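This report describes selected local features of one protein model. Please look over the sequence and the structure before reading on.

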Amino acid sequence: MKKITKIIIVAVCMVIAFTLFENSVSAAAAKPWSKTADGKFVNGNGEIIEGATMKGIDVSKWNGNINWEKVAATDVDYAIIRCGYGDNYTYQDDAYWEKNVKGCEENNIPYGVYIYSYATTVSQAKSEFNHVMRLIQGHMLNFPIYLDVEDATQKKLSKAALAKIINTFIQLIHNQGYEVGIYANLDWWTNYIDASIASNQTWFKWVAQYNNIGTTYQGVYQMWQCTSTGKVNGINGDVDLNFWFDKVRTRQYNAKCIQLTTPPVIPASEVTAPGRASIQSLKKYKKKVKIKIKKVSGAKGYQIQYSKKRSFKGKKNVYTTARTKTIKKLKSKKTYYFRVKAYKLNSNKKVYSKKWSKVKKVKVK
């Protein structure tokens, strides 16, 4: 019995050793950034990339005219295509966007989209959203829409300001039902992008860190950009290589798959300040004054400010949606100074006239 046990143990060890040897030989035999004979991907050192399910490229006009038929014959599984950069102007569309989309669609290559962001304001983030939406009309995406955040102008923003820009873009895309994500390098993910965005699992994360072994990013991510000097048949020169760490996707997968449980957030339109208000009349009574304000077009209400000092030191404020208001509990025989502003509403925020009305005074009875 002991002899049989020893034989079994030796046999099991030999099987394990052979399997490990076979895998190491298979990995070593594979070219860097390629696929092994058993369908696994290897890094720049020829070692297995744990969890990688697909190999991809990201391309723009800088990659020139691509032979997508040749690309489809390689081990490249998908592409992320730049649609353009910055605000929603046709001259900022990527010159090869349509060619690259057509190449992927005709050769059954799953693809997603990215836009290079220059946004430093919420208004520009909205424009970049519109830029993407204009170009993807009529196309079925298989990977998320990514916002490429890396420009030097954005590096000068506070984390809060950058977060507001990113959140504006990704929420607008999300509200259209599309998967959406953020692209940035390790430095940006670590030092410039707020943790509230990095930790939000609603969005997809694409991390760039060029080395042979893998990203050291500690958060959750679905894609790693490993090099900018990849070589792929059908593309002249260098190309960015990426690895996907989620479920395998095909051209049949529709990235417009988000089921919204709440109505889409409609961004508030820009509200301009109302015109300058003016006091139509002041009527004095015993310990009170009745003020009448001239109508201001588009105004939702008025701010009345009054004081016993012309400098408005010690001023008091009264808010009203009516154009006539009686101010009570004033002191008899005292002179009071009045001025008004109109306001509009931007959601729940008041947008006031840029200037106060001319000051008027009255002596209370």
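The model is predicted.

**Aromatic pairs**

A pair of aromatic rings is described by the distance of the centres and the angle of the planes. In this structure there are 21 aromatic pairs. One of them joins Tyr 78 and Phe 143: the ring centres are 4.5 Å apart and the planes stand at 20°, so this pair is stacked. The cut-off behind that word is an angle under 30 degrees. Tyr 78 belongs to strand β2, residues 78-85. Phe 143 sits in the loop between α4 (122-136) and β4 (145-148). The two residues are 65 apart in sequence, so their pairing ties together separate parts of the chain. Tyr 78 is buried, at 0% relative accessibility, and Phe 143 is buried with a relative accessible area of 0%.

Another pair is made by Trp 224 and Phe 243. Here the centres lie 6.4 Å apart and the planes are at 35°, so the pair is tilted. Trp 224 is in strand β7 (residues 223-230) and Phe 243 in strand β8 (residues 239-244), and this pair links distant parts of the chain, 19 residues apart. Trp 224 has a relative accessible area of 1% and is buried; Phe 243, with a value of 0%, is buried.

Trp 224 and Phe 243 also belong to a cluster: ring pairs link them with Trp 33 and Phe 41. Trp 33 lies in the loop between α1 (2-29) and β1 (54-59). Its relative accessible area is 10%, so Trp 33 counts as buried.

Side chains of opposite charge can pair when their charged atoms come close.

Asp 94 is placed in the loop between β2 and α3 (97-106), and Arg 82 in strand β2. The pair is 12 residues apart in sequence, so the bridge ties together these two parts. Both Asp 94 and Arg 82 are buried.

Asp 93 is in the loop between β2 and α3, and its partner Arg 134 is in helix α4. Arg 134 has a relative accessible area of 31% and is partly exposed.

Lys 231 reaches 60% relative accessibility and counts as exposed.

**A positive surface patch**

Which residues form the positive surface patch? They are Lys 284, Lys 286, Lys 287, Lys 333, Lys 363 and Lys 365. Lys 286 is located in the loop between β9 (279-285) and β10 (288-293). Its relative accessible area is 61%, so Lys 286 is exposed. Lys 333 is found in the loop between β13 (324-327) and β14 (335-346). Lys 333 is exposed, with a relative accessible area of 62%.

**Backbone angles**

Most residues other than glycine have a negative phi, and most peptide bonds are trans. For Trp 33, phi is near 65°. For Lys 333, phi is also near 65°. Trp 33 is buried, whereas Lys 333 is exposed. Each of them lies in a loop: Trp 33 between α1 and β1, Lys 333 between β13 and β14.

**A contact across the sequence**

Ala 160 is part of helix α6, residues 159-175. Is Ala 160 buried or exposed? At 59% relative accessibility, Ala 160 is exposed. The C-alpha atom of Ala 160 is separated by 7.2 Å from that of Asp 194, a residue 34 positions away along the chain.

Terms used: Residues are numbered from 1 along each chain as its sequence is written. This is a predicted model: local features need pLDDT of at least 70, side-chain atom pairs count only at pLDDT 80 or more; totals for chains, interfaces and linings use all residues. Side-chain values use heavy atoms; hydrogens and water are left out. Patches are made of residues with over 30% relative accessible area and no salt bridge: like charges are joined within 9 Å, nonpolar side chains (Val, Leu, Ile, Met, Phe, Trp, Tyr) within 5 Å. Accessible areas come from the Shrake-Rupley method with a 1.4 Å probe; for residues, only the protein chains shown count as cover. A salt bridge is a side-chain nitrogen of Lys or Arg within 4 Å of a carboxyl oxygen of Asp or Glu. Lys and Arg count as positive and Asp and Glu as negative; His and the chain ends are not counted. The place of a charge is taken as NZ of Lys, CZ of Arg, CG of Asp or CD of Glu. Helices (H or I, at least four residues) and strands (E, at least two) are DSSP runs, numbered from the N terminus. Buried means under 20% relative accessible area, exposed over 50%, partly exposed in between (1.4 Å probe, protein chains only). Rings of Phe, Tyr and Trp (its six-membered ring) pair if their centres lie within 6.5 Å; planes under 30 degrees apart count as stacked, over 60 as edge-to-face and the rest as tilted.
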